[in-house]
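This briefing covers one protein chain. It begins with the overall make-up and then takes up selected local features.

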Amino acid sequence: MADGTQTALVPYEAFKSELVARQDEIAALLPSTISREAFVNTAIVAVKSNPALLECDRRSLHKAVTAAAMDGMRPDGREGVIIPQKEDGRLTARWQPMAFGIRKRARELDGIIVDAQVVYEHDHFRRTQGDDARIEHEPAPLGTDRGRPVGAYAIFKKGAEILHREVMDEKQIAAVRAISKQPNGLMWAKFTDEAWRKTVVRRGAKTVPCSDALRTVLGRDDDLYDVGRDITPPAPQLAPVRGPAIPVTWRAGEALEHVPVREFKERATAFIRSQEPAAVTDWAKHNALGLREFWGLDKDAALALKGEIEKAVARQKAMPLVEEPSAPASAEPAGEAALFAQDAPEPDDREIVMRDLLAALGKEPDPKKRVAIWADSEQARQALTDEQVARLKAALDQMELQAGKPRGRAAA
């Protein structure tokens, strides 16, 4: 028994000696709020309380301790934690800041106060946006069941100014967990509340101006997430479009797609329901031209889609989501016949030029005459943005594809 204990103490004592020998190096990384002795003692206790860390690659263990010092946090399980993990078939140690530590450093580095909370199904929660944006959260009475977690929020405040409010529902947090490389790791499986708070804080902090030092802390876990993996269902592969189609870009940076009118409402609705409210707003503004075309081709379906957009933007508001139109759905709205006729700004001159050019190209069945129209519009196209020209080229490509021949160098 004594021999076994002595054997177990060997790697611990070795690590302790190594850490003490490095204390001057570590002290140079620490902020003034943490003393050298306090940090070293905390790191020693963290390793002693989790013997699995002694089985990790020793270089990775010292690297994790160094990262904690650089972030200005103690590896005490509250500000942050050092955990063992499998990596390429070997056990390594990893430093992970926790929500409390991130909030602490935000206050110390940039004077930003962060309040992060988890919302449960039996809590009272109300969120409003607009000029008088605010969040009201009243937890269920003490001693009663709060139910399961349904969301989380973080409020970023500097002085008397609210910098940002970030709210995520259960579905959005689940989507983040789905792209984690350790979705069933210790953080997600055991410390669920901590994982939810940390998720909403990390996302919200991306929109708040902050120092490089705080950015480093916030980015410490970036490699734990496979941000390149798209967890949304893939769009169906469509045959070449025949008949009227709506030009749409689903996400920034993606190629323009022409969706048949008969399929547009269903696909757009599925897309809207999978996105955050801000993303839906950006998508609607970016695709205003296509949405107006859709209105002119199928007003009933366009009105239903308008309702979906309004629901997405008004999500979690404790107020009616969509006002009933005063006129029947089939009636023409007052003013411009557009999907957002009542609340969208008038298109600028470039949008009008682009719309007119698209209409002229679409009405001409003869490919040679379309090429001539394109050539004659060179001066008008010079006023357009690069993105608008790219969309025009894509539309002309689609027309030529339907005609069974490539466009060639016509729009080069």
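The secondary structure of the chain comes to 17 helices and 9 strands, taken as DSSP runs numbered from the N terminus (helices H or I, at least four residues; strands E, at least two). This is a predicted model, in which local features need pLDDT of at least 70 and side-chain atom pairs count only at pLDDT 80 or more, while totals for chains, interfaces and linings use all residues. Residues are numbered from 1 along each chain as its sequence is written, and side-chain values use heavy atoms, with hydrogens and water left out.

**Whole chain**

- Of the 412 residues, 40% count as buried; buried means under 20% relative accessible area, exposed over 50%, and partly exposed in between (1.4 Å probe, protein chains only).
- The accessible surface is about 22800 Å², and 52% of this belongs to carbon and sulfur atoms; areas come from the Shrake-Rupley method with a 1.4 Å probe, and for residues only the protein chains shown count as cover.
- Contacts (heavy atoms within 4.5 Å) between residues at least 6 apart in sequence join residues at least 24 apart in 62% of cases.

**Helix α4**

- Helix α4 covers residues 58-71, and its end C-alpha atoms are 20 Å apart, in agreement with the 20 Å that its 14 residues should span at 1.5 Å a residue; the expected span is 1.5 Å times one less than the number of residues.
- Of the 14 residues in α4, 10 are buried, among them L61, H62, V65 and D71.

**Strands β4 and β5**

- β4 (residues 124-128) and β5 (residues 134-138) run antiparallel and are joined by 5 bridges; two strands pair if DSSP finds at least two bridges between them.
- In this pairing, R127 stands opposite I135 of β5.
- The hairpin has 5 residues between the strands, and G130 takes a positive phi near 105° there.

**R94 in strand β2**

- R94 belongs to strand β2 (residues 90-97) and counts as buried, at 11% relative accessibility.
- A polar atom of the R94 side chain lies 3.2 Å from the backbone oxygen of R220.

**Cysteines**

- The count of disulfides is 0, where a disulfide is a pair of cysteine sulfur atoms within 2.5 Å.
- C56 is buried at 5% relative accessible area, whereas C210 is partly exposed at 21%.

Notes:
A polar contact is a pair of N or O atoms within 3.5 Å; within protein, one must be able to donate a hydrogen and the other to accept it, and residues adjacent in sequence count only if both atoms are side-chain atoms.
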